[in-house]
Amino acid sequence: MSAVQSTKHDAAGHEAEPALDVAAVADFVRRREAEGVTLKSAVLEHAALSRGLTVRRWDETLLTVEVEGEVLPFVNMNGPSASVASRAFCDQKQLTSACLERAGLSVASSRAFGLDQQRDAIAFAHGIGAPVVVKPNSAARGRGVTLDIHDLDGLWRAWRVAAKIVAKRPGGRVIVEQYVVGDDYRCFVVGDRVVAATRRVRASVVGNGRDSVARLIAVKNRVRAKNPYLFRYPIPDELHELDALRHAGLDLEHVPPPGQRVTLRGTSNLATGGDNVDVMDVMHPSFQEVAVRAVRAIPGMAYGGVDLLARDISAAAEPTNHVVSEVEYAPGPGPLFPVEGTPRDVGGAVLAFYLARVGGARPA
Ligand SMILES: Nc1ncnc2c1ncn2[C@@H]1O[C@H](COP(=O)(O)OP(=O)(O)O)[C@@H](O)[C@H]1O
Ligand SMILES: [Mg+2]
């Protein structure tokens, strides 16, 4: 890895935002990742270099950008104003919900329980009514999350799955939450702006009337392997990991009819095989407002990923037609490489946010 990339920043510093060249970003991050640099850090580095700024790389995630005598530090894509405290709020789902609720945003009814509070958890689940969700208070990428639980048996199985993860952390808790029907959206918020919005489609395949689900997964994984973001998250090809396929009474040998989409998993994380589809231009401005308010609701937060569960994001946001399900402290640059739709320059947007604060002169 080269220690210093030194392209001088023009002193006037008012050059136009460079046009996004996704192929160039993809090529750059691939080379950097081969040197051990993280994708997020490589994306930020590319944004800085393409603006002619002086960049110094300190390690695989840590980078400084020099501009007008100031040194802006970034860990991955989290810059100078990203606070450790805001990360603590995001890392515990229970605290995130509390902040969101205080700010008047819609959240799913939920409560966190210690591992010795199973009875209370059952009583709470009865109180909110089926279906419910069980998940670790503090985990990511869909790990330990069980959705759409309808009975006590299911609740116990889900509890054990979450408890396994929770038990590794002192004071770890399990969350029982109301299951919310809707599509899953990720908004990438920078300052007071949504710079990207994607629908996260649960891991799925589309039938052609000839191939089995197993074969369709293999073919789809070959396509995912070419995506700079998704290649690290292939769709699993074992039935025990494909909860939605099982719940539909299907298996890997099933041959779906032409054009039929078969959902394989309940969670829509890209890390669990989901697809990201750009929806920036169809998202109603009121949903963008919700996302900006959600980031502001977390103390010390300047940018982040906001997850929404909603039936229709092209309609106006009402308290009853969506929930804010999560706020991510360090969202991945998935919107740069959507499976469908327009790529969005999230790295450039984060960098521009900080450049606008240098000397107070630069437009965001
Ligand atoms: N209350 C809920 N209702 C419906 N789906 C949910 C609910 N909570 C989580 N999910 C689904 O499960 C996924 C993972 O849950 P999440 O709480 O975001 O955990 P993680 O931090 O692991 O991503 C979400 O992206 C969403 O698709
Ligand atoms: Mg999530």
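Select V43, L44, H46, A47 and A48 in helix α2, then G347, G348, V350 and L351 in helix α10: these two groups meet. Here, residues are in contact if their C-beta atoms, placed from the backbone, lie within 7 Å. By class, this contact of α2 with α10 holds six nonpolar, three polar and no charged residues. Ala, Val, Leu, Ile, Met, Phe, Trp, Tyr, Cys and Pro count as nonpolar, Asp, Glu, Lys and Arg as charged, and the others, Gly among them, as polar.

The model is predicted: local features need pLDDT of at least 70, side-chain atom pairs count only at pLDDT 80 or more, and totals for chains, interfaces and linings use all residues. Residues are numbered from 1 along each chain as its sequence is written, while chains are lettered from A and ligands numbered from 1 in the order in which they are written.

**The helices**

Now show the whole of α2 (residues 39-50) and α10 (residues 346-355); their axes come within 8 Å and cross at roughly 65 degrees. That makes α2 roughly perpendicular to α10. The crossing is right-handed. Helices (H or I, at least four residues) and strands (E, at least two) are DSSP runs, numbered from the N terminus. Axes are lines fitted to C-alpha atoms, for helices over the stretch in contact, and angles run from 0 to 180 degrees between N-to-C directions. Angles under 35 degrees count as roughly parallel, over 145 as roughly antiparallel, 65 to 115 as roughly perpendicular and the rest as oblique. A crossing is right-handed if the near helix is turned clockwise from the far one by less than a right angle, and left-handed if anticlockwise.

From α1, select V25, F28, V29, R32 and E33; they meet L39, A42, V43, E45 and H46 in α2. This contact of α1 with α2 divides into six nonpolar, one polar and three charged residues.

**The domains**

Colour the protein chain by domain: domain 1 (4-77), domain 2 (82-106 + 181-202 + 274-331), domain 3 (109-179) and domain 4 (205-267). These bounds come from an automatic or database domain assignment. The C-alpha centres of domain 2 and domain 3 lie 22 Å apart. Five residues of domain 2 are in contact with six residues of domain 3. On the domain 2 side, helix α4 (residues 93-102) gives the largest share, three residues.

**Ligand 1**

Which residues are closest to ligand 1? Select V133, V180, D184, T267 and S268, the closest of 22 residues that surround ligand 1; a residue counts as near if its C-beta atom, placed from the backbone, lies within 6 Å. β6 (132-136), β8 (174-178), β14 (303-310) and β15 (322-328) are the elements that give two or more residues to this shell. The shell has nine nonpolar, six polar and seven charged residues. Domain 2 and domain 3 each supply at least three residues to the shell.

**Two backbone details**

Select A130 and P131, which are joined by a cis peptide bond with omega about -5 degrees. P131 is in the loop between α5 (118-128) and β6. Last, go to E68, in the loop between β3 (62-67) and β4 (70-75). Phi of E68 is near 50 degrees, a positive value in a residue other than glycine.
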